[in-house]
2 protein chains.
Amino acid sequence: MTDQRIPPSLQHLIIEHDKVVKHIPKFGVVAFGGMAGVALAKEVPAAISRSGRDFNLTVLTGGTTTSVFEEGLSSIRVARRYPAVSGSLSRDMANRETISVADYWLSEYSRWIRFGVIPHVKKIDVAVVESTGVDENGIIPSLSVDAVPAMVDAADKVVLEVNLSKPVMYGLHDIYLPKDSEPVPIRNVLDRVGEPVVRCPSNKLAAIIVTDKPESGAGGYGAVSPVELKIAGHITEVLSAAVGEKSLTRFYTLQPGAGPLASALLDRIDFSGLRVWSEAVSVDWVHHVGGKVSAISSSCIYVLRGQEKLLEMVYSELSSLKDSVVLRPYEITNRAEMISRMSLISIQQAIEVDIYGNANITHIGGNIHNGVGGSGDFTRNAYLTVLALPSTTSNGKLSRIVPICSHVDIPEHDVDFLVTENGWADLRGLSPRERARVIIDNCVHDRFRDMLAEYFEKACDVGGHEPVSWKHAVQFREMMELAS
Amino acid sequence: MTDQRIPPSLQHLIIEHDKVVKHIPKFGVVAFGGMAGVALAKEVPAAISRSGRDFNLTVLTGGTTTSVFEEGLSSIRVARRYPAVSGSLSRDMANRETISVADYWLSEYSRWIRFGVIPHVKKIDVAVVESTGVDENGIIPSLSVDAVPAMVDAADKVVLEVNLSKPVMYGLHDIYLPKDSEPVPIRNVLDRVGEPVVRCPSNKLAAIIVTDKPESGAGGYGAVSPVELKIAGHITEVLSAAVGEKSLTRFYTLQPGAGPLASALLDRIDFSGLRVWSEAVSVDWVHHVGGKVSAISSSCIYVLRGQEKLLEMVYSELSSLKDSVVLRPYEITNRAEMISRMSLISIQQAIEVDIYGNANITHIGGNIHNGVGGSGDFTRNAYLTVLALPSTTSNGKLSRIVPICSHVDIPEHDVDFLVTENGWADLRGLSPRERARVIIDNCVHDRFRDMLAEYFEKACDVGGHEPVSWKHAVQFREMMELAS
């Protein structure tokens with residue numbers, strides 16, 4: 001079976017799983033491709049863990065990982081992680097500062113890897129990459145391209161995990177990295193301008209591991225809830241109001257958000273021919289190609305728990321899907337140039353948002369919950385940004401719309417519409433006070449509307465263009481937490 | 001004199017200043033070109049004011065204006081202003097909400113004008129544009145292009161102010177607006193891909209006013225101070241450390257900041273051949289073309305008080321300057337696509353910054369001080385962003401580096417270096433706590449170092465990846481204000 005995936009000239013690089021450890025430096029930088037829980041190395045983290053050796057590593061990943069991956073890493077010392085955290089283990093370590101984590105927009109992250117901009121990551125010692133095959137020209141990627149081309153480029157050595165649980169995905173990917181001073185020559189969602197493989201000089205290729213472990217599904221997401229279906233319904237209203245259905249499919253592209261909300265949106269959309277430009281799409285969106293969806297450009301296809309059968313169907317339809325789906329590196333999917341050229345409407349989720357539209361997408365108090373991902377690449381450069389979130393959390397006991405966010409990642413200037421399960425607000429062209437009124441009226445949960453209106457009134461007593469009263473904001477939080 | 005500026009076929013449109021009022025709707029949208037205090041209409045605002053008529057207008061400007069301009073507008077009712085405020089009159093009105101102000105990044109602002117995205121500005125009734133001449137093809141701009149092409153495009157009527165105090169600036173400008181789904185074909189700072197004039201169908205041209213009023217200089221800026229010279233010195237150290245002098249002039253472009261800091265930086269740079277890509281450059285930078293500066297692309301050339309003689313010299317050298325200076329619309333200078341292609345190093349100023357690198361560039365408490373301008377276009381898409389500010393304000397009584405900003409426009413993820421007169425901090429790749437330590441050590445003023453270190457310690461007691469303690473942050477502000 002490996003004969004079809006690995007040419008004879010490279011078969012000598014195949015090693016047993018545990019032997020990979022000799023390629024991992026005790027002190028150095030190790031990068032793992034993969035994002036949104038897919039296309040991660042399935043064997044190397046566990047092998048490192050089993051080795052019992054002392055390591056002190058800087059670890060890069062393409063994006064969020066899986067709990068299996070994190071457990072593999074948890075037994076060794078990791079001093080630094082980029083980008084951000086993934087899952088409760090690394091989250092807790094970052095919050096206790098037993099690990100140093102710096103969080104970057106994914107477009108910058110990938111470019112910085114390639115050019116060695118981060119002082120602690122001048123180069124990568126080993127890049128560990130899942131692939132569905134390899135030939136003399138390079139690596140055939142798996143379900144995600146993410147930062148893999150940058151990692152391979154910056155790496156001294158590359159270790160491949162050839163995964164037999166997937167078909168050879170040759171032809172699904174378009175590997176092109178921006179050139180100095182040159183426009184990216186992509187004009188349409190499906191344009192292919194690069195190569196089907198990630199170039200990798202054969203002298204970099206240090207070892208090949210063969211595995212048949214399937215994807216285990218992205219963690220951290222629940223099933224689609226009635227709240228998400230309501231939010232999704234309101235998003236379709238926003239799309240109609242902002243650009244209209246006909247224009248939407250003709251002139252614009254959509255980034256559909258992530259997790260159950262993206263699935264709910266797919267359910268609520270009742271027209272066909274959407275073009276998607278995103279950094280990640282779930283397998284159910286891919287499954288609707290030819291119907292609700294006409295074209296997808298993404299960096300990865302991820303799978304939620306329970307979607308394993310859909311993934312199998314995607315595998316079996318791969319040869320025809322290549323005409324409607326392209327997987328690209330972050331440096332294309334998240335590139336400002338491309339996002340603005342694609343006239344993109346971005347659906348962005350958040351942990352909390354203030355009454356003026358400033359959003360916190362990463363922290364709960366001082367604790368990091370997740371990284372920014374590519375959110376800022378999209379929200380800043382999209383044609384329109386729709387911020388969507390449930391109006392409450394903790395079983396309705398806490399309002400996600402608050403007087404002041406404990407952290408701001410997406411400033412008000414980037415948020416055009418706010419959507420909750422209660423309704424939506426068109427914020428375009430409104431002053432901060434006007435925004436506060438329409439957000440409180442349309443989006444806040446009934447239970448908190450009076451409280452927030454009262455806060456806003458007190459803040460207005462203080463005065464200003466965007467009135468704030470820290471004293472009353474603290475009181476609001478205390479009241480909310482007391483009541484919960 | 002007007003014969004050289006206005007062709008015979010358009011001479012019949014010339015009217016007396018006060019007659020312009022009949023072209024201004026009593027209730028509607030009026031746009032004025034010009035930014036950073038230059039290329040504004042010199043006669044129309046005063047004529048509107050003198051008319052004594054009732055107006056209720058939505059007013060758009062290209063950017064910041066002058067006190068003369070604002071005084072002209074102050075006697076009529078303006079319900080809405082875009083983008084942001086300019087000067088103390090409109091600032092006070094925005095802070096009392098007697099005017100509605102929404103603040104947008106300039107790239108989005110211009111695009112939104114053109115496509116009628118802002119619900120209150122579906123179209124423009126009259127665009128009032130300063131020009132240095134007009135011909136059958138269109139308008140020859142003045143010292144600024146800013147949003148003029150978008151305003152003219154979206155306007156029912158155009159009123160020109162042909163300004164005789166300046167030479168005919170034909171050939172200085174490159175008017176090109178991005179086309180749907182197409183890359184912008186500019187590869188180098190000085191590439192010209194458009195036309196020398198702003199196209200304006202002759203049936204839109206409603207009236208021409210002739211004036212000889214010179215520029216009065218941008219307000220709100222003081223002279224270069226020793227603090228700014230120190231900051232500028234540290235910026236040159238950052239440039240050397242981050243990319244090196246040779247690479248800087250060869251591979252990168254610079255956005256040099258604004259006002260006295262930009263002038264100070266020019267003073268402190270001791271090498272030649274810098275390429276500048278910016279939305280605004282001061283006339284002293286233009287004056288150094290051929291020496292420290294080799295090429296400039298900007299949306300405007302502005303002039304600080306005291307630089308009037310430099311401006312005269314620029315006027316007299318215009319024919320040769322055209323080879324090294326190009327003025328472009330915001331939709332090019334501030335376009336993400338161009339900023340990322342230009343490998344730009346952006347010098348960004350701020351009102352305050354927190355110990356983690358989140359910056360407030362617009363508000364003092366809830367009061368707006370100025371708009372965001374194009375800051376976020378540059379900081380998000382630049383290769384590197386250097387945030388530079390004096391460590392204190394109010395004669396040293398208040399620290400500009402604070403526990404928590406009262407408003408965040410530029411999130412930490414966009415700030416790569418922090419510079420004050422005390423020193424600089426390389427924030428790349430550092431966790432929030434690591435950033436706090438190096439900022440407190442290197443950038444904070446001696447007077448506040450212990451106070452901030454103490455705050456940081458207390459916040460760390462609370463814990464978290466990016467520790468915050470609102471209680472102690474409020475105490476810090478109170479202590480600081482008490483001491484001052």
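Me: Before I look at any charged pair here, what is a salt bridge?

Reply: A salt bridge is a side-chain nitrogen of Lys or Arg within 4 Å of a carboxyl oxygen of Asp or Glu. The general idea is that side chains of opposite charge can pair when their charged atoms come close. Please keep in mind that this is a predicted model, in which Arg268(B) forms such a bridge with Asp267(B), the closest N and O atoms being 2.5 Å apart. Arg268(B) is partly exposed, with a relative accessible area of 37%, and Asp267(B) is partly exposed as well, at 46%.

Me: How many salt bridges does the structure hold over all chains?

Reply: Over all chains there are 52 salt bridges. One of them joins Glu43(A) to Lys213(A), with 3.0 Å between the closest N and O atoms. This pair links distant parts of the chain, since Glu43(A) lies in the loop between β1 (27-32) and α1 (44-51) of chain A, while Lys213(A) lies in the loop between β9 (205-211) and α6 (226-242) of chain A, 170 residues apart.

Me: Which residues are linked in a network of salt bridges?

Reply: The network links Arg335(A), Glu337(A) and Arg341(A) with Arg335(B), Glu337(B) and Arg341(B).

Me: Turning to the helices, at what angle do α1(A) and α2(A) pack?

Reply: Angles under 35 degrees count as roughly parallel. In chain A, α1(A) and helix α2 (residues 67-74) pack at an angle of about 25°, with their axes 7 Å apart, and α1(A) and α2(A) are therefore roughly parallel to each other. Their crossing is left-handed. On the side of α1(A) the contact is made by Pro45(A), Ala46(A) and Ser49(A), and on the side of α2(A) by Phe69(A), Gly72(A) and Leu73(A). The residues of this contact divide into four nonpolar, two polar and no charged.

Me: What is the arrangement of α1(B) and α2(B) in chain B?

Reply: The axes of helix α1 (residues 44-51) of chain B and helix α2 (residues 67-74) of chain B come within 7 Å and cross at roughly 25°, so α1(B) and α2(B) are roughly parallel to each other. The crossing of α1(B) and α2(B) is left-handed. Pro45(B), Ala46(B) and Ser49(B) of α1(B) make the contact with Phe69(B), Gly72(B) and Leu73(B) of α2(B), and these residues divide into four nonpolar, two polar and no charged.

Me: Where is the place of Ser110(A), and what does it touch?

Reply: Ser110(A) belongs to helix α4 (residues 106-115) of chain A. Ser110(A) is buried, with a relative accessible area of 1%. Not counting residues up to four places away in sequence, Ser110(A) touches Ala147(A), Ala150(A), Tyr330(A) and Glu331(A).

Terms used:
Residues numbered from 1 in each chain as written. Chains lettered and ligands numbered in written order. Predicted model: local features only at pLDDT ≥ 70, side-chain atom pairs only at ≥ 80, totals over all residues. Heavy atoms only, no water. Axes fitted to C-alpha atoms, helices over the stretch in contact; angles between N-to-C directions. Helix = DSSP H or I, 4+ residues; strand = E, 2+ residues; numbered from the N terminus. Parallel < 35°, antiparallel > 145°, perpendicular 65-115°, else oblique. Left-handed = near helix turned anticlockwise from the far one by under 90°. Contact = heavy atoms within 4.5 Å. Nonpolar A, V, L, I, M, F, W, Y, C, P; charged D, E, K, R; others polar. Buried < 20%, exposed > 50% of the residue type's maximum accessible area, 1.4 Å probe, protein only.
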